[in-house]
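I opened this notebook to record what I looked up in a structure that was new to me. The entries follow the order in which I consulted it.

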Amino acid sequence: MADSNPQPGWYEDPEQPGQLRWWDGKAWAEHRRPMPGERGDAPGTGDDPLPHPPDPPSSGAAAAGTAFGQPPVPPTGAAAGAPVKVDTWLWQSIVATVCCCLPLGIVGIVFAAQAQSAVSATNYTEAQEKARLAKIFSLVSYGLGVVFIGGWLLLMAAGTLAGF
Amino acid sequence: MIRQPAWIRPVAVAGVALVGCATLALVDQQRYAGLSPGCPFRLVTGWDCPGCGATRAVAALTQGQVLHAVDHNALLVVLLPLLAWAWVGWLRVSLGQRETGAVLPPSAAFGLAGLLVVFSVVRNIAMFDWLGSSASWSTAVTTTLVGG
């Protein structure tokens with residue numbers, strides 16, 4: 001990079017191809033981030049350094065993120081354009097249904113399944129909405145299970161104390 | 001705040017599950033049966049929910065008695081390998097080896113929801129009571145086969 005000083009921006013990391021590194025105009029900074037569309041692009045990366053430079057104006061990288069031949073996806077927070085990983089809460093709902101004995105878990109599974117359908121259709125906004133509902137139903141199911149078991153243990157303790 | 005390793009959640013879940021299984025394996029089921037809270041759905045309605053018998057099924061599995069496990073909750077015995085597979089996928093995602101976890105195709109997910117509903121209805125019908133949580137057809141089959 002000695003012969004040319006490109007504009008500051010995100011470029012492919014010369015040391016580790018496959019990820020982006022911040023070029024401040026003179027030298028490589030220590031800010032690295034995954035290539036758009038690669039693993040870890042979704043929320044939860046957590047590794048992004050705080051001084052968050054603007055998104056890549058760089059040619060190759062920006063194109064990589066959108067070159068999936070998909071219909072344009074409405075911005076959904078963190079990663080618009082690239083495939084968004086959506087936790088559909090399917091497994092959690094299944095466990096909630098079987099362990100917590102509540103029909104709420106089944107509602108959760110149905111929403112999780114709808115979320116997965118939406119992911120297949122690359123409709124990430126709908127997927128996230130359905131996954132949110134699945135999460136709510138699962139968590140309520142888990143919560144009721146915990147409340148029930150806790151209440152039962154309290155009753156047992158009280159019964160034991162009362163000499164029952 | 002200390003940064004948690006990526007695998008902490010799947011490993012914690014597996015740990016809790018293993019402690020639960022170990023408890024079930026070591027505790028005398030007959031003696032402490034009354035201590036289990038049982039199923040709230042069953043307590044209220046008197047019907048088996050899809051999870052009824054799951055505790056007893058897991059306890060039977062820890063003793064290696066697969067048929068008894070099927071007696072208590074046939075669906076759980078079918079689901080356990082699926083859940084184990086999902087857990088492995090989750091672990092691999094958390095370790096960064098894979099992009100997405102074990103994903104069922106949407107059709108399979110809907111099918112699973114339907115199966116759960118059908119299972120919870122059918123196991124309460126007298127004709128299919130061998131699917132219920134207190135069935136004992138494996139005992140009957142064993143008795144017939146062994147001639148006891």
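The entries below go from the chains to the cores and then to one helix.

**Entry 1: the model.** I noted at the outset that this is a predicted model.

**Entry 2: chain A.** I looked up the secondary structure of chain A and found 4 helices and 3 strands. Read from the N terminus, the order of its elements is β-β-β-α-α-α-α. Chain A has 164 residues, of which 34% are buried. I then turned to its contacts between residues at least 6 apart in sequence, and 52% of these join residues at least 24 apart.

**Entry 3: chain B.** For chain B I recorded 8 helices and 0 strands. Its elements, from the N terminus on, accordingly read α-α-α-α-α-α-α-α. Of the 148 residues in chain B, 27% are buried. Among its contacts between residues at least 6 apart in sequence, I found that 50% join residues at least 24 apart.

**Entry 4: the largest nonpolar core.** Which residues of this core touch the most other members? The core has 50 residues, and I listed A:Leu90, A:Ile94, A:Ile109, A:Ala112, A:Ala115, B:Ala109 and B:Ala113 in answer. Both chains supply elements that give two or more residues to the core: H2, H3 (103–120) and H4 (124–161) from chain A, and H4, H5, H6 and H7 (106–122) from chain B. H3(A) gives the most, with 11 residues.

**Entry 5: A:Leu90.** I next examined A:Leu90, leaving aside residues up to four places away in sequence. In chain A this residue touches A:Ile109, A:Ala112, A:Ala113 and A:Gln116, and in chain B it touches B:Leu104 and B:Ala109.

**Entry 6: helix H4 of chain B.** Is H4(B), residues 54–62, mostly covered or mostly open? I found that the helix is mostly covered, with 7 of its 9 residues buried. The buried residues are B:Ala54, B:Thr55, B:Arg56, B:Ala57, B:Val58, B:Ala60 and B:Leu61.

Lastly, I looked just after H4(B), where B:Gly64 takes a positive phi of about 80 degrees.

How values were computed:
Residues numbered from 1 in each chain as written. Chains lettered and ligands numbered in written order. Predicted model: local features only at pLDDT ≥ 70, side-chain atom pairs only at ≥ 80, totals over all residues. Buried ≥ 20, exposed ≤ 12 C-beta atoms within 10 Å, placed from the backbone. Contact = placed C-beta atoms within 7 Å. Core = buried A, V, L, I, M, F, W, Y, C linked by C-beta atoms within 7 Å.
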